[in-house]
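The following paragraphs lead from the overall architecture to individual residues.

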Amino acid sequence: MLRVYISGPMTGVKDFNHPAFHAAEARWRLGGWDVVNPVELDDTTHKSRYTYMRQDIKALMDCDAIAMLPGWQKSEGAQAEYDAAIACGIAVFDSEHVGQYVTHPFVDGYNACCTKPKYNHEDHWGDYS
């Protein structure tokens, strides 16, 4: 099963945007994905931003994709997660529409290796060797 990490704004948003994170988690689970919801990684809100970012980036690195909540462009943390995903060749999705790409490393030329893998249009997660 493929794993997706939910990313979006928290700081300055009512209830730290938890309802949007939970709604996205439910939507992606219904779409057949294993979901990593950063809201569920820690039950407190009093640690430093750096502590949360380190924890969240570690979780993201174990995922096949990242799904961006609305407003992510205005969030420093979500922008950092997006940048890490792009740098590591992780597909970026719109969280509101399961399977709708924002960008894909193999389609949009973001892959960092010297040869572009074969992209299988029938199976987005096919053999890229």
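Predicted model: local features only at pLDDT ≥ 70, side-chain atom pairs only at ≥ 80, totals over all residues.

**From helix α4 to the overall fold**

Just after helix α4, G89 adopts a positive phi of about 75°. Several positions of α4 are buried, namely G77, A78, E81, Y82, A84, A85 and I86.

To place this helix in its context, one may turn to the chain as a whole. The protein chain contains four helices and five strands, and their order along the sequence is β-α-β-α-α-β-α-β-β. Of its 129 residues, 41% count as buried. The accessible surface comes to about 7,500 Å², with 52% of this area belonging to carbon and sulfur atoms. Among contacts in the protein chain with a separation of 6 or more, 57% are accounted for by residues 24 or more positions apart.

Within this pattern, α4 belongs to a right-handed β-α-β unit, whose other members are β3 and β4. Strand β3 spans residues 65-68. In a regular strand, side chains alternate between the two faces of the sheet. In β3, A65 and A67 point one way while I66 and M68 point the other way, and all are buried. The strand β3 also has paired neighbours. Four bridges join β1 (residues 3-7) to β3, and these two strands run parallel. Four bridges likewise join β3 to β4, again in parallel. Residue A65 illustrates both pairings: A65 is the bridge partner of V4, and A65 is also bridged to A91 in β4.

Strand β4 leads on to the aromatic residues. The structure holds four aromatic pairs. In one of them, the ring centres of W28 and F93 lie 5.4 Å apart with their planes at 65°, so the pair is edge-to-face. Because W28 lies in helix α1 (residues 18-30) and F93 in strand β4 (residues 91-94), this pair ties together parts that are 65 residues apart in sequence. Both W28 and F93 are buried. F93 has a further partner in W33: the ring centres of W33 and F93 are 5.6 Å apart and the planes stand at 75°, so this pair is edge-to-face as well. W33 lies in the loop between α1 and β2 (34-36), whereas F93 is in strand β4, so the pair ties together parts that are 60 residues apart in sequence. W33 is buried, as is F93. Together, W28, W33 and F93 form one aromatic cluster.

A final point concerns backbone geometry. Most residues other than glycine have a negative phi. As for accessibility, F16 is partly exposed, with a relative accessible area of 36%. N17 has a relative accessibility of 13% and therefore counts as buried, the cut-off being under 20%.

Note on methods: Residues numbered from 1 in each chain as written. Heavy atoms only, no water. Buried < 20%, exposed > 50% of the residue type's maximum accessible area, 1.4 Å probe, protein only. Phe/Tyr/Trp six-rings, centres within 6.5 Å; stacked < 30°, edge-to-face > 60°. Pairing = 2+ DSSP bridges. Right-handed = clockwise from strand over helix to strand, strands pointing away. Contact = heavy atoms within 4.5 Å. Areas by Shrake-Rupley, 256 points an atom, 1.4 Å probe, with all protein chains shown as cover.
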